[in-house]
Amino acid sequence: MTQAQAQAQPQAPAITVHGLSKRFGSVTALESVDFEVQPGTVFGLLGPNGAGKSTAIRILTTILPPSGGRAEVLGHDVVQKPATVRGLIGLAGQYAAVDKNLTGRENLRLIGRLTHVRRSRVRRRAADLLERFELTGAADRPARTYSGGMRRRLDVAAALVPDPPVLFLDEPTTGLDPQSRNALWHLIRELVADGTTVLLTTQYLEEADQLASRVVVIDHGQVIADDTPALLKSRMGSTVIELDMVSADRAARAAGLLHGGFSEPPRVDGSRLGLASREGSRPLLEVLRVLESHDLAPGTVAVREPSLDDVFLQLTGLPGGDPPGSTP
Amino acid sequence: MTETARLHRDGGPTGSADPREPLTGSAPRLVRTAQDGLAVAWRNLIGLRRVPRLLVFSTIQPLVFVLMFRYVFGGVVSPALHGVSYVDFLIPGIFVQTAVFGAMNTAIGLATDMQTGLMERFRSLPMARSAVLVGRTTADLVRNVFVVALMTGVGFAIGFRIHAGILSFLGGVLLVVAFGFAMSWIFAVVGMAVGDPETAQAAAFPVLAPLVFASAAFVPVNTMPGWLQAFAEHQPVSRTADAVRVLVLGGPVVSDVWQALAWDAGIVAVFAPLGVRLYRRAV
């Protein structure tokens, strides 16, 4: 391809994954996974525990070799050119990968030295990041004195020290309080506005919905959906009304009564009844009125936003998650 | 977000050869490997300073040994030494023993790191693949210098004297430190192979004990049965202890010192590449 052609093309993807597979002994963690991530966007890798999200990240960050297929970061193959790839990426893992004996500032300096950022720049960058992650006050205390949320923030800050063009965040908000989570979301948006490409894994549909312009859902190592979050959501009833009818028999009767009033038939699971509503909680009053008039008042009522489980039910007809005995 | 960092973005995947150029220094590969190793050593030494109980306990143990051997076994061993005082015989052996036991910390330290996410992060960084191990063994080397200095002080307090000149003595100390460094590489491999600190400790002891006790570290080997003597005479702890002894007490130096150094070089040549291999594959 000539230079002119290259420029005429739309931008090449920042991350390309093609036919990627990973087996650990007899366990298949990833099976022929394909996706592309456009530069300067947030890409969400969504799936339950053990779906293969972390395995994909570990292959893309050169920590694990794939069993088959191909993965490229900014055009560099992770197997052929691991050293080049390592120079282009930042990784914040599932557990806060910081040294607890080092202070926050020392942790950032260590990463700066190991990513070969110039010393004078590391100092500024560390101060900058500590400020941004609201760690300035704790900057010179050993990380062992930090709260869980502070450690997670320090971990993400460490990933940003070399200012990597591609950032991998493996469940970055797991275990964060809502305030820290919102702050991190805000930061991710800023990074992307500045041109960084972010691949994040999450178990929360809401997180993908908030941040990602593209979402791939994986389950048991396979891609089961590749869509925009909006389209994914529109494929399900938006709100779930859950009723505990006390007995399976009453649940079945209630399901019969309520059939037809919703976008999907009511879901019965033992004594529990699930209704998917596109109008939020509005149908609730009507539902309760109908049930009451048939002497079927529910034991408990819950209204919640759709969870990843609902996506899975929708996509596969089965609850997501580990089969017993599988390894993550 | 700042200016320089963005330069490489414009190039995109087909852009310039080294997009990190504007940010990073450009040192030759060997220098960079050394810098990476030193950065990790710096991190480990900070840890040692912040968790001083580790240093305290790894210092108390040789202290107990030196007092116990001096006063419990000294009377029995002395007659076999033909005029050399037992404390002068003992201290070089204690130095070597300290270096060997200290190497256990290398295994424990690496195994501990492997249980945290830190090792994963290191493996995703553009640092030398040997840096984590070099950093650990180098930090343990620094710790050994400290402990040997302390042991020397204790030795002086209980009657140990230098008989062959201060330079020769310092040569002996260097030999101990070099041996400790070599042993650290063995235990780096143990730590990487087992992957958790408790197992590392349990796995290290059966390797350590015969090396330290079936040796010339505390007693002359000529009292041992013949089959054991053959091992005890030639194994690295004995070779090093004897070499340190001639450097401290005086005597023909050259052959002993070369044998000790040959062991050190041999051990590093085998175990360093093995350790790096394990690091590359560690999951």
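## Overall make-up of chain A

Of the 328 residues in chain A, 48% are buried, a residue being buried if 20 or more other C-beta atoms, placed from the backbone, lie within 10 Å of its own. The chain has twelve helices and 14 strands, which are DSSP runs numbered from the N terminus (helices H or I, at least four residues; strands E, at least two).

This is a predicted model, in which local features need pLDDT of at least 70 and side-chain atom pairs count only at pLDDT 80 or more, while totals for chains, interfaces and linings use all residues. Residues are numbered from 1 along each chain as its sequence is written, and chains are lettered from A and ligands numbered from 1 in the order in which they are written.

## Domains

An automatic or database domain assignment divides chain A into domain 1 (3-231) and domain 2 (237-305). Taken over C-alpha atoms, the centres of these two domains of chain A are separated by 40 Å.

In chain A, four strands in the order β12-β13-β11-β14 form an open sheet with antiparallel pairing, where two strands pair if DSSP finds at least two bridges between them. Its edge strands, each pairing on one side only, are β12 (267-269) and β14 (300-304) of chain A.

Strand β11 (residues 239-244) of chain A pairs with β14(A) over five bridges in the antiparallel sense, and Ile241(A) stands opposite Val303(A) in β14(A).

How values were computed: A residue is buried if 20 or more other C-beta atoms lie within 10 Å of its own, exposed if 12 or fewer, and partly exposed in between; C-beta atoms are placed from the backbone.
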